[in-house]
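My plan is to look things up one at a time and jot down what turns up.

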Amino acid sequence: MGQSGRSRHQKRARAQAHLRNLEAYAAQPHSFVFSRGRAGRSVRQLSLDLRRVMEPLTATRLQIRKKNSLKDCVAVAGPLGVTHFLILSKTETSVYFKLIRLPGGPTLTFRINKYTLVRDVVSSLRRHRMHEQQFAHPPLLVLNSFGPHGMHVKLMATMFQNLFPSINVHKVNLNTIKRCLLINYNPDSQELDFRHYSIRVVPVGASRGMKKLLQEKFPNMSRLQDVSELLATGAGLSESEAEPDGEHNITVLPQAVAGRGNMQAQQSAVRLTEIGPRMTLQLIKIQEGVGEGNVLFHSFVHKTEEELQATLAAKEEKLRLKAQRQDQQAQNVQRKREQREAHRKKSLAGMKRARAEADGDSDAEDPGAPAEAEGVSQQEEEEDEAEYFRQAVGEEPDEDMFPKAAKWRRPAGPPGKKRRVKERKPDRGSDRRPPKAKGRHPGAQAKVGPRGAARDHRRGRPWPPKRVA
């Protein structure tokens, strides 16, 4: 196996450069552009065109469903590092555009008086310049006429500036500036003109023939005797190919720019081609929070100081009632939790007490058996002695010897359990029981059945085992 083409130091340098790029990208502002409600086809297309303007620092394939609320979008935007929302909506009267700063606001609401889609702008141009390389970098923001016209105008300018990353004029690469976003404020009508342009830089000072030679398409020189005729007079070229340049768009390039003839320290002309969309905006109101909060500015509703204080007091009262309900709910939850815990402990104690009563509690002190229990125990003891006498002597004891003993004793067993008593099979020879053996001495053994158990000839039941003294 051959070694890698890069050394260890090269790999480390590349990894560090990649990390710096990621940190720089995360520090830049990002945005979500989407429509809310029943916007319609045109408004949805306008949101896609506006998303095209905000590239590449926006979610180009963002999908918002009807069931998704604004809180869902805010929750998703936090981990992704999104700093702005651009929301389009439509009502019965007009189309509205909201610009929201995350995570705490403010929210600027504009009314869109006029708008034109990208396809309409491009179709109206004879030549348009639009390619994918233009959208690899954010556009250059140009604000015009945002003077000292009020705090709301200054806030608008700050919001639009924060939409795009800042530019250092001493370190910027001119090859990354391919688009321009112009926002012009008209103080008389208080409207904003939103325009989007493509930037092209061409050299100046050359004849039309030289410019044609620098392009990929060469002119037809079959009627010319020498190439000097093309360079000197520009013969064979139409007047429409010449574009007017002047002091308004001619500048000296501080660095070389991509394009034929654009050299450093040479004069070049900056030409703009509109690529859309167009919008005419009017500021309606400014709010504190994200979509809701105190109204800081309103274009049509003007309240007095008393009305503002009354509105503020009503909001404070509403917040106080909400906090009171939350406290009451928390107390109810705590009380129910304590009730469930007490009920659980009580149930466990009852289960433990019932188990101790069933199995007997060895740790508890024996209070002693009652009188009835003592009589039953004496009777059982005399029954055991009488049974031992029968097994040893082979005769029934006298009644005076064991007065409390029962005549016959059933075999002992666990309480509450029914015992199955096997029926004695009748003798084969005769239905009569065999007579009792006479003359049996005291040490004689009882008759043993086929299973080794002594048989009782009176009841046909097996005798209990012999008790050892």
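**Entry: a pair in helix 8.** I looked up Glu317 and Arg320 in this predicted model, and found their side chains joined in a salt bridge, at 2.5 Å from N to O. Why are Glu317 and Arg320 about one helical turn apart? They are three residues apart in helix 8, so about one turn separates them. I then checked how open each partner is. Glu317 has a relative accessible area of 36%, so I put it down as partly exposed. Arg320 comes out at 45% relative accessibility and is also noted as partly exposed.

**Entry: further along the helix.** I moved on to Glu341 and Arg344, which lie in helix 8 as well. Their side chains form a salt bridge, this time at 2.6 Å from N to O. Here too the two residues are three apart, about one turn of the helix. For Glu341 I wrote down 32% relative accessibility, which makes it partly exposed. Arg344, with a relative accessible area of 44%, is partly exposed.

**Entry: over to helix 9.** Next I looked at Glu387 and Arg390, whose side chains meet in a salt bridge of 2.9 Å, N to O. They sit three residues apart in helix 9, which covers residues 371-393, and so about one helical turn lies between them.

**Entry: a network and a tally.** I also came across three residues linked by salt bridges into a network: Arg52, Glu55 and Glu132. How many salt bridges does a search of the whole structure find? My tally for the whole structure is six.

**Entry: positive charge on the surface.** I went looking for charge on the outside and found a positive patch. Its residues are Lys71, Lys303, Lys315, Lys318, Lys322 and Arg325. Which helix gives the most to this patch? That is helix 8, residues 305-359, with four residues.

**Entry: a serine for contrast.** I then turned to Ser47, which lies in helix 2, residues 41-53. Ser47 has 4% relative accessibility, and since buried means under 20%, I marked Ser47 as buried. What does Ser47 touch, leaving aside residues up to four places away in sequence? I listed Val33, Phe34, Ser35 and Leu88.

**Entry: the whole protein.** To finish, I stepped back for some overall numbers. The protein has nine helices and 11 strands. Of its 469 residues, 26% are buried. I noted an accessible surface of about 34,300 Å², and carbon and sulfur atoms hold 51% of that. Lastly I looked at contacts with a separation of 6 or more: 63% of them are between residues 24 or more positions apart.

Terms used:
Residues are numbered from 1 along each chain as its sequence is written. This is a predicted model: local features need pLDDT of at least 70, side-chain atom pairs count only at pLDDT 80 or more; totals for chains, interfaces and linings use all residues. Side-chain values use heavy atoms; hydrogens and water are left out. Patches are made of residues with over 30% relative accessible area and no salt bridge: like charges are joined within 9 Å, nonpolar side chains (Val, Leu, Ile, Met, Phe, Trp, Tyr) within 5 Å. Accessible areas come from the Shrake-Rupley method with a 1.4 Å probe; for residues, only the protein chains shown count as cover. A salt bridge is a side-chain nitrogen of Lys or Arg within 4 Å of a carboxyl oxygen of Asp or Glu. Lys and Arg count as positive and Asp and Glu as negative; His and the chain ends are not counted. The place of a charge is taken as NZ of Lys, CZ of Arg, CG of Asp or CD of Glu. Buried means under 20% relative accessible area, exposed over 50%, partly exposed in between (1.4 Å probe, protein chains only). Contact means heavy atoms within 4.5 Å.
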